[in-house]
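Me: I would like a close look at a single part of the structure shown here, followed by a walk through some of its other elements.

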Amino acid sequence: MGWSFRLFDVAGTAVRIHVTFFLLLAWIAAIHWSKGGAAAAIDGVVFILALFLCVVLHEFGHVFAARRYGIRTSDVTLLPIGGVASLERMPEKPSQEILVALAGPAVNLVIAVLLVVVLEARFDLLQMAQLEEAQSTLLGRIAAANVVLFAFNLIPAFPMDGGRVLRALLAIWLGYTRATRVAASIGQGLAVIFGFLGLMGNPLLVLVAVFIFLAARGEAGYVQAREYTRGYLASHAMISSFQSLNPLSTVDDAAALLLRTTQQEFPVVDGAGALRGVLTREALIAALRVSGGSTPVIDIMARDVPTVPENACLDNIFQMLQRSRAPVVAVVDPRGKLVGYITAENLTELVMIQSSRSARAEQAASA
Ligand SMILES: [Zn+2]
């Protein structure tokens, strides 16, 4: 995620903070300052920091639950609207997804119970709607906030935690793809309601609503796309007719090739046909400006390009393109010779072709 920087690492997962988070802190400080001066501003900021510590712990509930199923998480990012844990995938087995989804809210419940029982924090349930009010003690407000986090995350607005539980339950009867479609529609409907409620006085809720709406659409689209390409192999989808550069090519050679072809990425292939790297249009244009046309392409190409055999499942390639920031996934024959490559764009084309084919098949079946 851009515009964020790393704070620290916990057990192999980086905790990152988005720069807009500081806008939230400044906004909270300003509001409290105008009401009660410096003391109120410090109190407000301390409360928000404590709240976001609880959000980080919530995300690590998901992270450690997912780890039990062999799923790693590269980072947890703090945004003004909450935390996002970048799990490398969600488990598709319903029981596992339910456990991973519930692990986050469970952390908030435990925190609230500990604060109330062990530290004897007192909170008034009626005051929960006005979390910023400074009438109760800091611990009491943090306990109340955790009850709110627990309850809010369990609202079945996919892809929030409650929505993931709903998707997993639906998947038992409907299968993963249809369950995702139904859960995403419910999530988008709830997001619209959140948006309206937010417009009546809570700008953060509007942001949360937009986030849920877009995330639901994105995730449903991704699951649908994977369904369309299920059973396909790398060799079915790869670009097999392309121009390549050699390790002695310069940026000027690449610029000529960029104009002559419709390609936007150029494999750099050595004399034996093995892939050395991939030059992207962006890197090429940047190099023309910075280091000039005589720069060798091997100095500016992307080197860590994942490679797969021709019979690799497209399903995995989807994930590879998402996870590694590589521009392409290269397809090689058993001798390591480059035979083609796959980009996000040509996967999109395959999905477009397959969705039209299946729409026609459905029409034919219902006629
Ligand atoms: Zn969560």
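How many residues of strand β5 (residues 265-269) are buried?

Reply: This is a predicted model, in which local features need pLDDT of at least 70 and side-chain atom pairs count only at pLDDT 80 or more, whereas totals for chains, interfaces and linings use all residues. Residues are numbered from 1 along each chain as its sequence is written, and side-chain values use heavy atoms, with hydrogens and water left out.

Five of the five residues of β5 are buried, and the strand is mostly covered; buried here means under 20% relative accessible area, exposed means over 50%, and partly exposed lies in between, with a 1.4 Å probe and protein chains only. Strands (E, at least two residues) and helices (H or I, at least four) are DSSP runs, numbered from the N terminus. In a regular strand the side chains alternate between the two faces of the sheet.

Elsewhere in the chain, another glycine with a positive phi, of about 145 degrees, is G201, which comes just after helix α5.

The zinc ion is coordinated through NE2 of H58, NE2 of H62 and two OD atoms of D161, at 2.0 to 2.6 Å; donors are N, O and S atoms within 2.8 Å of the metal (3.2 Å for Na, K and Ca), and sites may look incomplete, as water is not among the atoms. The spacing of these donor residues in sequence is H-x3-H-x98-D. Both histidines belong to helix α1 (residues 20-67), where four residues, about one turn of the helix, separate H58 from H62, and both are buried.

Helix α1 also holds G44, which counts as buried because its relative accessible area is 2%. Beyond its neighbours within four places in sequence, G44 is in contact with I28 and H32, contact meaning heavy atoms within 4.5 Å. Between G44 and R335, which lie 291 residues apart along the chain, the C-alpha separation is 63 Å.

As for the cysteines, C54 counts as buried because its relative accessibility is 5%, while C313, at 40%, counts as partly exposed. The structure holds zero disulfides, a disulfide being a pair of cysteine sulfur atoms within 2.5 Å.

Taken as a whole, the protein has 11 helices and nine strands, and 44% of its 367 residues count as buried. Its C-alpha trace spans about 75 × 60 × 40 Å along the principal axes.
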